[in-house]
Amino acid sequence: MTDHVLKKCRDELHTHLTTELLPFWTARTIDRENGGFITHFDQYGHDSGEDEKSLIAQTRSIYTYASAHRAGYGDGALADFARHGVDYLLDRMWDAEFGGFYWMTNRKGDVLNDQKIVYGHSFAIYCLSEYTLATGDLRGVEYAEKVFDLLQKYASDTCYGGYFEVFNHDWTLTGPGSAGGNRKTLDAHMHLMEAFTSLYECTRQSIHRRKLLEVINLLVGKIMHPTYGTGVPQFWADWRVAPQIKFDVIWGWDRFTEDGVKHQAEDNTSYGHNTEFGWLLLHALVVLEIPHETYINQLKKAFSHAADYGVDWEYGGVFVEGSHHGEVYDREKEFWQQAEALIGFLDAYRIFGEEKYWKAYENVHRFVLDKMVNHEVGEWWPLMTRQGVPIWTHMSHSWKINYHTVRSMVQSVRRLDALLERTASDGL
């Protein structure tokens, strides 16, 4: 790896971000009639017409525009995009009676699903904190703190620790099984880590620091596999491992069998989640001003497992998932896993200096730019065969939105710039 190679990778990502990816979204996402964002587009970038605005898509879009503005992109216009999203979020999705945000409205803002789902609220905290950090508008942190307080009051499990995830509109817990009321997940707690990180960065309040450290220690001590350091998807309330099932309103319904139970339901881990967990933990430690060596063994295990078993050295890219001990179960390629692996492998190379992480990064980089980006319209294909042929063809819906792709480019360019600075100072 030389500075020439670094610069080539950096410039490719920067060009994709500024000439394809961001323009895809800024050209078509604003709903000027009803407020908020239109988030459903087909493979040609045309509005596919679904009459919904979900909490997850609205908050992730706000985060995308706020964070890209904060990183220096858009010449100020992206701050206006983020503000437009915040206006809709607070005016149409906030529950003035019980607090918290509704899960789903239609395009006009009428409530379709009034449940309170912690996964969505983690992104509310994340995007609103980032919005205040990016623009100085204090409405963001005001509502981020309100959501944080609601989670401590209603969602926190004071017996076993962590957070329950799916609630009715009045914050009463839903039933068991697919309703989600009797399970805890890696996914929600990992996103709470990123949310509490941004909230603490914004407020510097000790309570936000304490709760961030609690979530980190739960992830490391309960949620990641004790031997392999890889993510375990689902748990019972007392942190016993639970078979992975689909929830009614949580991402992943289309990756299960017809009976709603995943194959290898108690022995599967996501290579994308493991790399995402690693780099989000590193970022949290920077904000907390804690040396990354404090968690070096956990970081090593998560990153190494993904590089050793998750990378497809024949066709490129990162597989979907496999066993904790290394067997690959699902060899298809999902967009978000590639996005998170780019950031994670760059961070792994930065802190460990091992060539395998740079080679893993280059592998995924080429797969993304050569296969996963739909260059005709600017966004990424959502799911591909192992060889890189699109299986799903939509460019966006409530779950496949701009958050992973834009964030990956912003964060990867930042890390490649840092590596370029380091090689320059080393005289390479």
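1. A residue is called buried when its relative accessible area is under 20%, exposed when that value is over 50%, and partly exposed in between, with a 1.4 Å probe and the protein chains only. Ser 408, whose relative accessibility is 0%, therefore counts as buried. This residue belongs to helix α12, where helices (H or I, at least four residues) and strands (E, at least two) are DSSP runs numbered from the N terminus. Ser 408 and Gly 278 are 130 residues apart along the chain, and their C-alpha atoms are separated by 14 Å.

2. A word on the basis of these values: the model is predicted, so that local features need pLDDT of at least 70 and side-chain atom pairs count only at pLDDT 80 or more, while totals for chains, interfaces and linings use all residues. Residues are numbered from 1 along each chain as its sequence is written, and side-chain values use heavy atoms, with hydrogens and water left out.

3. Next comes the second largest pocket. On a 1 Å grid over the protein atoms alone, a pocket is an open set of points with protein on both sides within 12 Å along at least five of seven lines, whereas a cavity is a set of points where a 1.4 Å probe fits but cannot get out; lining residues have an atom within 4 Å of a point. The second largest pocket holds about 490 Å³ of space, a volume being the space filled by probe spheres set on the points, which are joined across faces, edges and corners.

4. Which residues lie nearest the centre of the second largest pocket? Of the 26 residues that line this pocket, those are Trp 279, His 283, Gln 411, Arg 414 and Arg 415. At least two lining residues come from each of α2 (55–70), α4 (118–135), α6 (186–203), α8 (271–288), α10 (335–352) and α12 (402–426), and α8 gives the most, with 6 residues. The lining of this pocket has 12 nonpolar, 6 polar and 8 charged residues, where Ala, Val, Leu, Ile, Met, Phe, Trp, Tyr, Cys and Pro count as nonpolar, Asp, Glu, Lys and Arg as charged, and the others, Gly among them, as polar.

5. Helix α4 can also be described on its own. It has 18 residues and reaches 25 Å from its first C-alpha to its last, close to the 26 Å expected at 1.5 Å a residue; the expected span is 1.5 Å times one less than the number of residues. Of the 18 residues in α4, 16 are buried, so that the helix is mostly covered. After α4 comes Gly 136, which has a positive phi, near 85°.

6. The structure holds 22 aromatic pairs. Why is the pair of Tyr 119 and Phe 123 described as tilted? The ring centres of Tyr 119 and Phe 123 are 5.6 Å apart and the planes stand at 40°, so this pair is tilted. Rings of Phe, Tyr and Trp (its six-membered ring) pair if their centres lie within 6.5 Å, and planes under 30 degrees apart count as stacked, over 60 as edge-to-face and the rest as tilted. Both residues lie in helix α4, 4 residues apart, about one turn of the helix. Tyr 119 is buried at a relative accessible area of 5%, and Phe 123 is buried at 1%.

7. Tyr 154 and Trp 171 form a stacked aromatic pair, with 5.5 Å from centre to centre and 10° between the planes. This pair links distant parts of the chain, 17 residues apart, since Tyr 154 is in helix α5 (residues 139–155) and Trp 171 is in the loop between β5 (166–167) and β6 (183–185). Tyr 154 is partly exposed, with a relative accessible area of 30%, whereas Trp 171 counts as buried at 4% relative accessibility. Trp 171 also has a positive phi of about 70°, although it is not a glycine.

8. One aromatic cluster is formed by Tyr 63, Trp 103, Tyr 119, Phe 123, Tyr 126, Trp 399 and Tyr 403.

9. Trp 239, which is not a glycine either, has a positive phi of about 75°. Trp 239 is found in the loop between β7 (234–236) and β8 (269–270), and at 8% relative accessibility it counts as buried.
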